[in-house]
Structure formats: structure tokens, C-alpha cells
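Here's a quick tour of one protein chain. Have a look at the picture first, then we'll walk through a few parts of it.

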Amino acid sequence: MDQPKAAGPASPAAAVRPGDPYPLGATWDGDGTNFSVFSEVAERVRLCLFDEAGRETGVHDLTEVNAHCWHGYLPGIGPGQRYGYRVHGPWEPAKGHRCNPAKLLLDPYAKAVEGQVIWDEAVFPYRFDDPEDSFNDLDSAPFVPKSVVTDQGFDWEGDRHPCTPWHETVIYETHVRGFSIRHPDIPEALRGTYAGIAHPVALEYFNGLGVTAVELMPVHQFIHEAHLEEKGLRNYWGYSSIAYFAPHNEYTADSAAGDQVRQFRDMVKALHRAGIEVILDVVYNHTSEGNHLGPMLSLKGLDNAAYYRLMPDDARHYMDYTGTGNSLNMRHPHVLQMIMDSLRYWVIEMHVDGFRFDLAATLARELHEVDRLSAFFDIIQQDPVISQVKLIAEPWDIGEGGYQVGNFPPLWSEWNGRYRDTVRDFWRGEDRTLGEFAYRLTGSSDLYESSSRLPNASINFVTAHDGFTLRDLVSYNEKHNEANGEDNRDGEDHNRSWNCGVEGPSDDPEVTALRRRQQRNFLVTLLLSQGVPMLLGGDEIGRTQQGNNNAYCQDNDISWYDWTHVDRELLEFSRRLIHFQREHPVFRRRRWFQGQPIHGSEVTDIAWFTVAGERMAEEHWGEDYAKSLGVFLNGESIPAPDCQGRRIVDDSFYLIFNAHHEPLEFTLPDGVWGGRWVRELDTVEGWGKGDEAFDAKAVLQVAARSIVVLRHAA
């Protein structure tokens with residue numbers, strides 16, 4: 001098929017020097033910029049320059065090719081220069097090749113991106129009247145974002161990673177825009193931006209709450225899909241990346257092109273000064289170019305067969321383990337290189353402290369099945385930079401065999417979906433959950449211990465961005481996603497939620513009291529479980545999404561934090577709880593419980609008791625109706641020393657969990673487990689004053705669906 005000529009004549013070849021193939025991307029050296037881009041299939045690559053009005057000001061052929069990297073150096077080109085690529089090569093969709101020089105392509109290594117996609121037919125490689133076989137020669141340049149040359153110089157002012165140990169980490173998952181967009185104490189011009197997260201009001205809030213790390217939902221440059229914009233919606237969550245080196249450009253205060261790099265660094269520096277780590281939610285499993293009917297924005301036009309997993313018997317179509325239309329081809333060395341270069345860039349140049357990998361099981365797929373020791377994990381393991389930061393896997397995808405909780409290599413921690421499901425089931429009163437609840441409470445040794453991992457392998461969470469908020473979890477039995485425009489068909493149907501008797505908002509005092517208690521039950525369970533707690537941002541202030549459990553497209557009041565209607569009581573409870581957990585190392589042990597006596601004593605490091613105060617026997621765990629138990633945690637049997645090598649000694653605690661629908665009388669154990677106990681908190685009355693004490697064999701009336709935490713009095 002005949003292909004169109006690229007728009008505009010090439011600028012004089014003498015203007016382009018040979019340059020270097022590495023580093024890839026656009027690298028300014030103070031005098032000019034070196035450009036390099038990978039394409040194994042290209043026959044010709046043209047670099048197109050644009051001014052701030054979007055007018056093309058120069059076209060340069062990159063004639064130097066080294067190891068499939070097309071490169072050239074342009075003197076006098078510096079920060080703020082907008083650019084893109086046009087690639088000439090085969091248009092053979094049946095063979096997986098989709099080169100189309102009419103489409104302006106983003107640089108995969110662009111450090112900054114200007115603009116968003118304008119959804120015109122020109123951004124697609126095919127004509128709408130024949131989407132399967134046609135070739136679209138409309139110029140896409142006026143409708144697509146541009147890559148921007150950046151100045152990588154920055155004064156970090158001695159910035160250092162906080163390096164918070166895993167067992168001392170409390171993660172706060174949040175959204176750059178949603179967190180501050182409605183905050184009345186943050187200047188309006190900074191709301192919804194990186195600067196909003198870095199504002200002193202935000203820093204004081206994070207420190208006051210007690211969290212040690214913020215996990216930011218995707219900040220790699222992403223797009224707003226056409227089908228959403230047609231409905232007046234937007235891609236709020238950002239799981240549609242298109243540039244893995246560029247901070248998203250809509251999270252910046254008004255500034256010059258490319259200034260989002262500086263603003264992001266300013267945010268990191270401010271958070272580090274406050275002792276808070278920055279973890280990025282990264283989406284390396286797919287891009288926003290979708291399937292064969294998706295737009296052509298970058299990788300698809302550069303080298304489709306290299307960058308994407310194609311169907312082995314029909315290269316026209318894409319393998320899709322993510323539900324988004326495509327999956328990156330982790331088997332190709334240049335794809336692996338791009339991801340590793342991206343990760344190193346964010347650690348070395350942007351000073352982030354870790355990553356949470358979206359649908360990480362997809363990254364492990366070398367052929368079809370998930371390979372626990374795939375090339376990606378091998379490379380991560382040996383990398384001297386990436387292996388030293390916090391690595392968190394979302395251990396599933398939608399492909400066959402994609403649920404891989406507990407199966408990631410020792411270096412990794414995982415979002416523990418089993419923890420979420422078990423804790424939800426326990427507190428909504430499901431039968432036969434007691435035994436698994438005990439595993440989750442103690443760090444999920446059944447999932448992680450056999451692979452030589454520690455309790456910090458488990459990222460414990462009850463709620464996350466995907467699903468109900470905590471308030472909605474106790475207020476809705478069913479999802480209410482009508483605002484998404486998909487007739488409530490989207491989102492998870494099996495939420496393991498319980499509305500406490502009334503669907504949605506209620507003025508019934510009994511219902512509202514039970515809901516408040518259930519929220520506290522979830523928070524106490526989360527913070528006092530072994531492993532790493534992750535709090536969904538806004539849960540501590542009672543944030544609601546009005547029953548929407550898939551608010552990915554709701555860039556509005558449904559998703560934004562409502563700082564004018566904060567549940568002050570819940571916030572204060574959450575603050576005290578997080579600080580309580582951080583003050584007591586018995587709740588955040590580095591090593592597993594052994595259930596063995598220590599120091600020649602008969603007292604073990606952990607013990608389980610029935611409502612009657614007797615040691616749990618094997619038959620007690622299997623009773624269908626059992627929804628209550630007591631747990632003794634020995635503060636004098638913490639095996640791992642502190643960072644100075646000193647023995648750690650803490651208070652001992654007795655935790656009472658009653659998920660039964662009626663109050664129960666709990667007898668405190670006696671013998672070697674006896675002693676005098678002081679009530680620290682319960683989820684009915686809140687925090688105790690420390691003046692209510694109980695002796696061995698004392699009987700406590702414990703309210704239905706509640707927790708009591710007792711501390712051993714010296």
C-alpha cells in the first residue's frame with residue numbers, strides 16, 4: 001500500500017550532527033540536545049519540532065542508526081522545545097507492523113509532555129469507515145500531545161531518602177488531585193497539584209495522622225479516553241499511561257512547558273523533609289493505545305510488534321491480560337530496558353522511594369502462564385538501584401492463572417487480597433472465617449513464610465482506590481455506579497460489604513452507631529495486624545463515593561476529598577490508633593510468631609483463647625458459628641533486635657474480637673496468662689483512660705461486633 005509523505009520538507013541535513021544512541025530520549029547538554037529513539041522495524045525516522053502554538057518549525061531526518069536506535073544531535077535546541085517523531089516503515093497489520101508517518105508519535109523516553117489528546121479521526125491509524133484494513137493518512141500532529149525537552153538540573157539541597165524500615169511503614173494511598181482539590185486551607189492555585197501535596201498544611205496532616213509513606217495513584221503521563229470524554233467524564237485514576245518518564249502534566253500549577261519535572265521534585269523534597277516516603281503506583285503492564293482499534297500515539301507507531309504482545313496466530317490483534325486492550329511485550333529486551341530505565345530514572349533523578357506495580361502478574365508472563373522467575377523479576381533482583389527501594393506487587397491480572405497472591409519472589413511485598421477478603425468476611429459475620437482470620441492477623445504466614453519472606457511481604461488493606469471506601473463498605477450491599485454511564489454493569493459485584501441493615505444513607509441511630517463501630521473495627525484490625533498496613537486516603541475522615549465502587553472516571557465530588565464535612569471523631573480515633581501502633585513494636589514484628597515458650601518461661605509469644613478464657617483447641621477453629629476469640633501478644637518475646645542490636649521489649653496485650661451479632665461475656669485467662677489488665681480501647685466507647693483494670697478470670701461484657709484491646713499492667 002502506498003504511504004503518504006510526512007508533512008513538510010526536511011530541514012537541512014547539516015543542521016543535525018550524528019549524536020549518540022544512548023541515552024535514549026532527549027538529552028540537553030547546555031549547548032544542544034541529543035535525540036535517540038528505538039525502532040527495529042523503521043525504515044526512516046523523522047524528528048519534528050514545534051513551537052508553543054503547535055506549529056511545526058522543523059523536520060529532521062535521523063540518519064544515524066546504532067543497535068536499532070535512531071539518533072541525532074541538534075545544536076541550539078534546549079529546554080522547552082516541543083517535538084515528536086514520524087516513523088516510515090511497513091504497514092502490514094497482519095504481520096503486526098503498523099508504521100504510519102502521518103501520525104506524530106510521543107517519545108517513549110520523554111521527560112515531559114505538553115497537551116492532551118484531542119479525539120479526532122486523525123489520531124487513529126485507520127479510517128472509521130473501514131477500521132480493520134484501511135490506512136489513515138490524516139496528519140495527527142494538531143491533535144496529539146508533544147514531547148518536551150527538559151532541563152534535568154535541580155538543587156536537591158541535600159535531600160535524602162527517609163529509608164523507613166518496612167516493619168515501621170504505614171502507607172497512605174492517595175490521589176494527587178483528589179487529595180487537595182477541595183482543601184480550604186491550601187491556596188486555590190495549588191489545589192489538585194503536586195504543590196498541593198507538598199503544601200505545609202498537607203505535610204502537617206500526614207505527620208499528624210502518623211503515616212510514613214504516601215502511595216500516589218498513577219502520575220506517569222496518561223490520557224483521557226475518547227469514550228469517557230463523549231460522556232463528559234475523565235480518566236480520574238490515571239491507569240492509562242503513555243509516557244513512563246514524564247510526570248502527568250495536569251497536576252501542575254500554571255507554568256512553562258516541562259516545569260512539571262521541577263514541581264514533582266519539589267513535592268518529593270518537601271515530603272522527604274517531613275520524613276514521608278513517596279511510593280508511585282506504576283502501570284507498566286499496558287498503555288493507553290488500546291487494541292487494534294485504539295489510537296496511535298507512541299509505541300504502536302514506533303514498533304508495534306516489539307512493544308506489544310500480539311496474538312501468535314493473528315498478529316493483527318493483541319493479547320490482553322489487563323482488560324485494557326493490550327499488554328506490553330516483556331519478552332523483548334528493549335521493552336525490558338525501557339521499563340528498567342524508567343524505574344531507575346524515578347529513583348535516581350526524581351528521588352522516589354518505591355513502586356506499587358499495577359497488575360504485576362502481567363509483567364511475569366513470558367509465554368502465557370505466569371512465571372514466578374521471569375526475566376523481569378530476575379533483572380529487578382540484580383539491579384543495584386531498583387532492588388534497594390520498596391517494591392509492591394498487585395499480584396493478579398485477568399488472564400488465566402493470574403491470581404498470584406503469595407507467589408512473588410522474596411524481594412517483593414504484595415497487596416494481600418486474601419487479607420482484604422478475610423477481614424471483610426469476618427466483620428460481616430460470615431461462617432468459618434475464624435482460622436483464616438487468625439492467619440491474616442498474624443501476617444499471613446501461610447502465604448509467605450514458606451518462600452523465606454517475612455510479615456512485611458503482606459501489604460494489609462481493607463479498602464483501596466478500586467472498590468468501596470470504608471464508609472461505603474459499611475453502608476452499601478450493592479454497587480451504585482450509575483454515574484459511570486455503563487448502566488451499573490462496571491465494577492465488582494462481590495464486594496463482601498454489609499450495609500448494617502439499610503442501603504445507603506440512614507438517620508436511624510442504631511444503624512449509624514453500628515456503622516461507626518464497624519469502621520473502627522476495620523481500622524483497629526488493620527493497624528494491629530502483623531504486616532504493613534495501607535490506609536485508603538479519606539477513610540479516616542469518613543469519605544464516601546455514594547456507593548460507587550469503580551470511580552475511575554469521576555473527577556468530581558464523587559472522588560474528591562470533602563474537607564468541609566470531616567468526621568472529626570473518626571479522624572481523631574484514626575490518629576490515635578496509628579500512633580498507638582507505631583509506639584508498640586509488638587504489633588509490627590519483623591519476624592513470625594513461633595507459638596513457643598521463651599526465656600525458659602511457659603509463656604509463648606502468642607496464644608489464642610476461647611470466649612471462656614481457655615486455650616483454643618483444634619476443634620474450636622473449625623466451628624461454623626465461631627466468630628469470637630481472644631489473642632495474647634507477648635511483648636517480651638520479640639525476637640528481632642532494634643537497629644542498634646538491642647533487645648526489643650514492649651507491653652503485652654490481650655485482644656478480644658467479637659464479630660458475633662450479640663454481646664458476649666469473655667473470661668480473661670488465668671495461670672501463666674493471668675495478671676492485671678488495663679483497657680486501652682474498645683470500638684464502642686473509644687479510648688480508655690487507663691483507670692479500668694481487670695484481673696485473671698474477670699468477665700468482660702463485650703458488645704456485639706466490637707473489639708477490646710487490653711494492656712498488661714506491670
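Two strands count as paired if DSSP finds at least two bridges between them. Helices (H or I, at least four residues) and strands (E, at least two) are DSSP runs, numbered from the N terminus. With that in hand, strands E13 and E16 pair in the parallel sense over four bridges, and Ala213 sits opposite Glu277 in E16.

This is a predicted model, where local features need pLDDT of at least 70 and side-chain atom pairs count only at pLDDT 80 or more, while totals for chains, interfaces and linings use all residues. Residues are numbered from 1 along each chain as its sequence is written, and side-chain values use heavy atoms, leaving out hydrogens and water.

pLDDT is the predictor's confidence in each residue, from 0 to 100. The chain averages 93, and 96% of the residues score at least 70.

Now zoom out: E13 and E16 belong to a barrel that eight strands close, in the order E12-E13-E16-E19-E20-E21-E22-E23, with parallel pairing. Neighbouring strands of this sheet are turned by 30° against each other on average, direction ignored.

Helix H5 lies across E13 and E16, at about 135° to E16. Axes here are lines fitted to C-alpha atoms, for helices over the stretch in contact (heavy atoms within 4.5 Å), and angles run from 0 to 180 degrees between N-to-C directions.

Elsewhere, the axes of H7 and H9 come within 11 Å and cross at roughly 35°. These residues make the contact:

| Helix | Range | Contact residues |
|---|---|---|
| H7 | residues 333–348 | Leu336, Ile339, Met340, Leu343 |
| H9 | residues 375–382 | Ala375, Phe376, Ile379, Ile380 |
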